[in-house]
Amino acid sequence: MKPLRLLIVEDDAKLLDRLEALYRAAFAVHGYEPLIQTVTNVADARRIAKSARETPYDLVSLDVNLGDASLTGLDVLDSLKRFRSAWMVALLTGVETDTTLDRTMGVEKGEDLRKQLRRHAYARFPAERLLVVEKPAPAIPLGEANTLLANRLGQIALVYEEVGRLRYIFRPIDVTSLERVPQPKGSKAPRSFIETTALHWQIRFNCGEIRTLPNLSGFKTLHYLLSRDRSASVTPEEALAIEPKAEKTRAKPSPEADPVAAYFDAQGIAWHDLTQDEQEKLIRAALSLKFNRYRELRGFQDEEDISTSEEAELNRIVRELGPLAEAAETAYQRLRPSDRESSVQDESATLAQNDLHLGGANYDTLGENRRGKDSPVAALFRARMKRVKDCLRENGFADMAQHFEDYVMSTGANWSYNPPEGVEWTT
Amino acid sequence: MVLTLIPDAWLSTPPQTLLVGDGPYASALAFVTGAAILAADDLLSGVEEPQEGGLPQVLGSLQRVVFVASASQSGADLLRCHRALWRWIEKLSPEGEQHEVAILFVLPDSSSASLEESLALGLGLKKFDPASGTEAARMGDPLESLLAAWAMICPTDLPTLRARQASDAARAALRKLRCQGGAAVNREAAREVLAIFAGREYQLDVFCRPPSHRHGNLLRGWLRSVVTDGVTPDSYKEGCRPSDWLVDFDEKR
C-alpha cells in the first residue's frame with residue numbers, strides 16, 4: 001500500500017468520523033493507505049497549514065463552513081496556498097447550510113452562492129489542484145447520504161490518482177536560479193526573467209505573465225515519467241522522483257572537492273549526474289547568463305567610468321559567478337572589442353562564435369522537417385493528458401478539466417525542447 | 001507623496017522588532033529593545049520598489065511591532081499607520097498577509113481613555129487583549145511591565161484581524177451606510193449607526209477617511225439630519241454621501 005498524507009478539516013464530529021472511514025475505503029481501492037490527521041476548527045487548521053510547509057499534505061479535505069463566525073475554510077485555503085502545504089484540496093461545501101459564507105464573501109442577495117463560492121475558491125488556490133465537492137444535503141436520509149458521500153469521496157480518490165500521475169507538472173518550480181530583468185522605473189511592461197540554464201534545454205513554461213523555467217532536475221523527472229509505460233501506475237511520490245532509478249545508484253563524488261560542482265549543486269543541479277558534454281554546455285549557459293552585464297561593467301571599470309552602484313553590482317556578479325568568475329574574466333579579455341560601439345548583431349555573432357550564446361548549439365541537432373510533429377513520447381504525453389481530462393469530466397469535474405486543460409496548454413503544449421541523447425521530441 | 005526606501009540596515013540584518021514612531025521616547029525604546037525604527041510618516045508613505053525591481057523580503061522574520069503614539073496622533077491616525085504597516089508586511093514578507101506579528105501601541109500618558117477605546121474599536125475589539133494580537137500600554141509604564149505586556153501578546157495575521165473586523169456590529173452598520181441605497185434605506189442604516197454609537201459618536205472618526213475629524217463631523221451632522229430631523233440634508237442633495245467620508249471596509253476582501 002502506498003502512503004498518503006491526508007488532513008481532514010471538519011467541525012462536525014460525527015461527519016468527521018464518517019469522512020475518515022470513507023476516505024480510507026476510497027483510497028484503499030487505488031492502493032493507498034492514508035495517514036489521516038484531523039482538525040475541527042479554523043484556527044487549528046490555519047496553524048497546521050502554516051507549519052506544514054516542509055512536509056506538505058498530499059490531500060486536504062476541507063469543509064468550508066467551520067462554525068466560526070468570521071473565518072471560513074476559504075481562509076484555510078489561503079494559508080494552504082501561501083505555505084504550499086497541500087498538493088491537492090477537496091473543498092467540501094454544503095451550500096444550503098453555509099450561512100456564514102454570504103457574509104464573509106460579501107455575497108449580495110440573490111446571487112448564486114455556489115457560483116460565488118467556486119469563484120472565491122479558485123481565486124485562492126490553483127484550480128488544477130482544487131476539487132469543489134458538495135456534501136449531501138442534510139435532508140437526505142443518513143443511509144442514502146452515506147452512499148452519496150462514499151461516491152463523492154471515491155471520485156476524489158480517483159481524480160487524485162489520475163491527476164497525481166501528472167503531479168510532476170505542478171511541482172513547485174524553483175525560481176531562485178532565475179534573474180529578473182531590470183526594467184525602467186515606471187514601466188508597465190510585464191516582468192520577465194532572464195532565461196538561464198533551463199533555456200539550454202529549451203523548456204518553456206509560460207504561466208501568464210510570469211515566465212518560469214524548471215530546473216534540470218525537473219526536466220529529468222519529466223523525461224523519466226514520459227518514458228514510462230502508459231499502463232504502469234505512477235504514484236505521486238514516484239512522480240516527484242528527481243532522478244531515474246538507474247542514475248540514482250551512481251556514486252556521487254563529494255561536491256566540496258570541486259568548486260564548480262558545488263556551485264551548480266547549490267542551485268539544485270545534480271552536477272555529477274551530467275555527462276561531460278552537458279556539464280560544458282551548462283557552464284557556458286551559466287556564464288552567458290551574467291556575462292553580458294559582466295562584460296559591460298568590466299568595460300566601464302577599465303575605462304575608469306564606473307559608478308559606486310555599478311561597482312557593487314560587478315562585485316555581486318563576481319561573487320555569484322564564484323568559481324566561474326575566472327572563466328568570465330578570460331572570456332572578457334578575449335572578447336574585448338577594439339571598437340565598443342560595434343553593433344548588437346556583431347556582438348551576438350562574436351558570442352555565438354565563441355560558443356557563449358545561450359543554447360546556440362542546441363538548434364543544430366533539430367531537423368527542420370521534424371518541427372510540428374509529435375514524437376512517440378509526446379504522443380504518450382498527450383494521451384495521458386486526455387485520459388486525465390476525460391476522467392475529470394466523467395466524474396463531474398468539468399470545470400476542473402477545463403482549468404487543467406488551460407493550464408497544460410499554457411505550459412506543456414508550448415514545449416519545444418531538445419531532450420537528451422537517445423530521445424527526440426519536438427512539438 | 002515620496003515613497004520610502006527600505007533602510008539599508010534591514011538588508012543586512014532583517015528586523016525582528018520594528019518600532020514605528022518619532023521623538024526621544026521612541027528612540028530610547030528602540031535603543032533599549034534593539035528594535036529597528038521607522039518614522040510614522042515614512043511608514044505611511046509606503047515602500048519604494050528598488051530600481052532593479054523586486055522587493056527584498058526583509059520583514060520575513062518580523063515578530064513584534066511597537067507603535068509609539070505622539071500626543072498629536074488621533075486614533076484614526078494610529079489606525080492608518082496600522083493599515084500601512086500591513087501593506088509593508090504584505091510586500092516585504094514572503095508570508096504576506098499570513099505573516100503573524102504581535103503589535104503593541106504605546107500611548108502618551110496625557111491621552112484620554114477614549115483614545116484607547118477608539119483604537120480597540122477600529123481593530124474590531126471591545127477592549128485590548130493580548131490574545132487578540134494587539135495590546136496597549138502607556139509611556140509612563142515601567143519598562144519591565146511594558147516588556148512583560150509585550151511578551152504576552154499572541155502574534156496574529158491579517159486575515160484574522162479582517163475576520164474580526166468583519167464580524168463587528170459597528171462596521172456592519174457602517175457598511176450598510178456606505179451602500180448607495182435609497183433615502184429610506186439610508187435612514188434605517190443611519191438609525192442603526194446612531195444606536196450603536198450612542199453617547200460615543202466621536203468614535204466615528206476612526207472609520208472616516210483623512211482628515212478624519214472633519215469627515216467625522218460631516219458624518220455626524222448627516223446622521224443627525226437624517227434621523228432626528230427626518231429630512232434629507234442639503235449635503236445629501238448636493239451628492240455627498242457617507243461613502244465619501246467613510247473608509248472602504250472591503251478594500252482587500
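This is a predicted model: local features need pLDDT of at least 70, side-chain atom pairs count only at pLDDT 80 or more; totals for chains, interfaces and linings use all residues.
1. You'll find A:Arg84 in the loop of chain A that runs between helix H3 (73-82) and strand S4 (86-93). Its backbone deserves a glance as well: phi is positive, about 50°, although A:Arg84 is not a glycine. For background, most residues other than glycine have a negative phi.

2. Now hop over to chain B, which has 12 helices and 5 strands. Chain B is 253 residues long, and 49% of them count as buried. Its accessible surface comes to about 11,300 Å², with 55% of that belonging to carbon and sulfur atoms. Here's one on contacts: take those in chain B between residues at least 6 apart in sequence, and 70% of them join residues at least 24 apart.

3. Which residues have the most contacts inside the largest nonpolar core? They are B:Phe105 and B:Leu177, in a core of 59 residues. Helix H4 (residues 75-92) of chain B gives this core its largest share, 9 residues. Domain 1 (8-165) and domain 2 (169-245) of chain B both contribute residues, so the core lies between them.

4. Zoom in on B:Leu177. Leaving out residues up to four places away in sequence, B:Leu177 touches B:Asn186, B:Ala189, B:Ala190, B:Val193, B:Leu219, B:Trp222, B:Leu223, B:Pro242 and B:Leu246. There's also a second, separate core of 30 residues, with A:Ile8, A:Met88, A:Ile156 and A:Leu392 among them.

5. B:Phe31 sits in helix H2 of chain B. Together with B:Val32, B:Leu143 and B:Leu147, B:Phe31 makes a nonpolar surface patch of about 400 Å². Helix H2 (23-33) and helix H6 (143-152) of chain B each supply at least two residues of that patch.

6. Is the peptide bond from B:Pro210 to B:Pro211 cis or trans? That bond is cis, with omega near -5°. In general, most peptide bonds are trans. To find the spot, look for B:Pro211 in the loop between helix H9 (183-196) and helix H10 (212-229) of chain B.

Conventions
Residues are numbered from 1 along each chain as its sequence is written. Chains are lettered from A and ligands numbered from 1 in the order in which they are written. Side-chain values use heavy atoms; hydrogens and water are left out. Patches are made of residues with over 30% relative accessible area and no salt bridge: like charges are joined within 9 Å, nonpolar side chains (Val, Leu, Ile, Met, Phe, Trp, Tyr) within 5 Å. Accessible areas come from the Shrake-Rupley method with a 1.4 Å probe; for residues, only the protein chains shown count as cover. A salt bridge is a side-chain nitrogen of Lys or Arg within 4 Å of a carboxyl oxygen of Asp or Glu. Helices (H or I, at least four residues) and strands (E, at least two) are DSSP runs, numbered from the N terminus. A nonpolar core is a set of buried Ala, Val, Leu, Ile, Met, Phe, Trp, Tyr and Cys residues joined through side-chain atoms within 4.5 Å. Buried means under 20% relative accessible area, exposed over 50%, partly exposed in between (1.4 Å probe, protein chains only). Domain bounds come from an automatic or database domain assignment. Contact means heavy atoms within 4.5 Å.
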